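This briefing is meant to be read beside the sequence and the structure. It starts with strand pairing, then takes up the helices, the core and some individual residues.

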Amino acid sequence: MGRPLLIPRFEFGSWVVFRIASRRVGPSQRGAPLNGEGLLLSPRRRHSRNPPAPSPSSLTLSVGGGGDISGSRAAKEGNSEMATIVNTTEEEPMLAVVRFTAELAWADAGPEVAEPEVARLCLEAQEHILAGRWVDMASLMLASADLLLKSSRVPDKDLECVLSVICSLVAKAGSEAEALQIAENICSKLNHQPNDKPALRLKVLYNLVPSPHGKAFVYKKALEVATAGKAAEYIIPSFKNIDSFVSDWGIGNLEQRELFLAVARILKDQKGMSKEYANFLNKYLATFKGSEEDTDAIGAAKEEAVAAIIEFVKSSNLFQCDLLNMPAVAQLETDEKYGLVYELLKIFLTQRLDSYLDFQTANSTLLKDHGLVHEECITKMRLMSLLDLSSRWSGEIPYSAIMDALKINEDEVECWIVKAIALKILDCKVDQLNQTVIVSRHTERIFGMPQWQALRTKLGVWRGNIASAISTIQTNKITEDGTQGMQGLMIR
């Protein structure tokens, strides 16, 4: 396989950042080794020309491991390019960063003061490198990070290079504990004043630590930066992978709870993401098992439980949920402030339209306070009532029952049946001659233990039918084989 094609992007000190294109190259362009950190090392003679410096908007930086978080325009468009730092001199890259930041820090002090200080810091860095003291080296390099992040004299492309070199220290750590300590130091620095260049901070956070525990820690820090820096658009694309993250990281129930809550709070104010918001609210509430360990914490989930209920009632395409059986939601039933909200959920999941109309008459202010529109609630409640009829009648529902439950006229029955079919919550046939609806499948509003038991019974019946069919086939085959054998003997 050919090595990637290197396309110069910009130069920083003794480093050159290249864009690695996905196009293959010929044998004459191969040979430069890749180190364990994914950095292509190449001497200056391979790149004799000075690469042009592009505008910051054309910059692309890989965040590693598939690039789940990226602030670049190319990354948003699905471009597979990534930025790679290439060493073009014999100088140690970390020393180049220390020298650069030291010169910047002492730039206003004059050469008489600056030169000795720069030399001292470089000498200290050399001692750390030779001794393998990577935590101390990280602390030394991070000491000037605030200056770099705030300075208007440092272009984003140079700052991007500096942070990438600092992050490479994680891979040099001698143990997982040391790597995590370096990552914590980096995260602590990047989480300070996250409103300043939040997209750039997010670029260097993700995949900072190779270990599962370290990834979980860094990802939570990235969520904090995205929230505080109002840069949610850079991290939201990664939310679709949360389930696989949780599985890979192997984090406990408490850490999952914190993660789901952080994601839900980010999605809360995002337009067009109400379904995802409700999904993560449900994931968060499901982490409360009702055990003694949750006794103190479950009370803090009341606001989220109410939000999950309202989101479900508002949604025009959600007709099934498990909220009613969750301990974090069930606690609202006896709550003085939120008891009526729980009653509303119970109506939507277990009762019909007439119960909702009675509730609305007595609590119209409550519905308005939570942003619920009465007409929209009626529409959803009619569909919920149709599902209730489907579960209670034995496959055939007369028009009269539908008219009574949905409070509609006869000429509207088929219209509501079509709506249910379009929403994929009902499969049925309409017998206009006998004025009945023959239901073959419907969505259960609650899928709890009774529904699981009913499913188990159905599977048992199907299994028995299949076994009976196989037995019949085998019996017929034996009989047929015996008959053929007798006929053969008679012919002989």
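This is a predicted model: local features need pLDDT of at least 70, side-chain atom pairs count only at pLDDT 80 or more; totals for chains, interfaces and linings use all residues.

The protein has 492 residues, of which 44% count as buried, and its secondary structure comes to 22 helices and 6 strands. Among the contacts with a separation of 6 or more, 64% are between residues 24 or more positions apart.

**The sheet of β4, β6 and β5**

- An open sheet is formed by 3 strands in the order β4-β6-β5, with antiparallel pairing.
- The edge strands are β4 and β5, each of which pairs on one side only, and the twist from one strand to the next averages 30°.
- Helix α20 packs on this sheet and touches β4, β5 and β6, its direction making about 70° with that of β4.
- Helix α21 also packs on the sheet, where it touches β5 and β6, and its direction makes about 150° with that of β5.
- Strand β4, residues 396-398, and strand β6, residues 436-442, pair in the antiparallel sense over 3 bridges.
- Strands β5 and β6 also run antiparallel and are joined by 6 bridges.
- The hairpin of β5 and β6 has 4 residues between the strands, and in this hairpin Gln435 takes a positive phi near 50°.
- As background, strands of a sheet pair through backbone hydrogen bonds, either parallel or antiparallel.

**Asp427 within the sheet**

- Asp427 lies in strand β5 and stands opposite Arg441 in β6.
- With neighbours within four places in sequence left aside, Asp427 is in contact with Ile438, Val439, Ser440 and Arg441.
- Asp427 and Ser440 are 13 residues apart in sequence, yet their C-alpha atoms are 5.6 Å apart in space.
- Asp427 has a relative accessible area of 33%, and therefore counts as partly exposed.

**The packing of α19 against α21**

- Two packed helices are described by the angle between their axes and the distance between the axes.
- The axes of helix α19, residues 374-392, and α21 come within 11 Å and cross at roughly 85°, which means that α19 is roughly perpendicular to α21.
- In this contact Thr379, Arg382, Leu383 and Leu386 of α19 meet Trp416, Ile417, Lys419 and Ala420 of α21.
- The residues of the contact of α19 with α21 divide into 5 nonpolar, 1 polar and 2 charged.

**The nonpolar core**

- The largest nonpolar core has 132 residues, and those with the most contacts inside it are Met137, Phe239, Ile242, Leu285, Leu323, Tyr356 and Ile402.
- Leu285, one of these core residues, is in contact with Ala301, Glu304, Ala305, Ala308, Leu323, Met326, Ala328 and Val329 once its neighbours within four places in sequence are left aside.

- Gln360 is found in helix α17, which spans residues 353-362.
- Is Gln360 buried or exposed? Its relative accessibility is 18%, so Gln360 counts as buried, given that the cut-off for buried is under 20% relative accessible area.
- Beyond its neighbours within four places in sequence, Gln360 is in contact with Leu367 and His374.

**Two lysines with positive phi**

- Lys407 has a phi near 60°, a positive value in a residue other than glycine, and lies in the loop between α20, residues 399-406, and α21, residues 413-422.
- Lys407 counts as partly exposed because its relative accessibility is 42%.
- Lys424, which is not a glycine either, has a positive phi of about 60° and is found in the loop between α21 and β5, the latter covering residues 426-431.
- Lys424 has a relative accessibility of 66%, so this residue counts as exposed.

How values were computed. Residues are numbered from 1 along each chain as its sequence is written. Side-chain values use heavy atoms; hydrogens and water are left out. A nonpolar core is a set of buried Ala, Val, Leu, Ile, Met, Phe, Trp, Tyr and Cys residues joined through side-chain atoms within 4.5 Å. Buried means under 20% relative accessible area, exposed over 50%, partly exposed in between (1.4 Å probe, protein chains only). Contact means heavy atoms within 4.5 Å. Axes are lines fitted to C-alpha atoms, for helices over the stretch in contact, and angles run from 0 to 180 degrees between N-to-C directions. Angles under 35 degrees count as roughly parallel, over 145 as roughly antiparallel, 65 to 115 as roughly perpendicular and the rest as oblique. Ala, Val, Leu, Ile, Met, Phe, Trp, Tyr, Cys and Pro count as nonpolar, Asp, Glu, Lys and Arg as charged, and the others, Gly among them, as polar. Two strands pair if DSSP finds at least two bridges between them.
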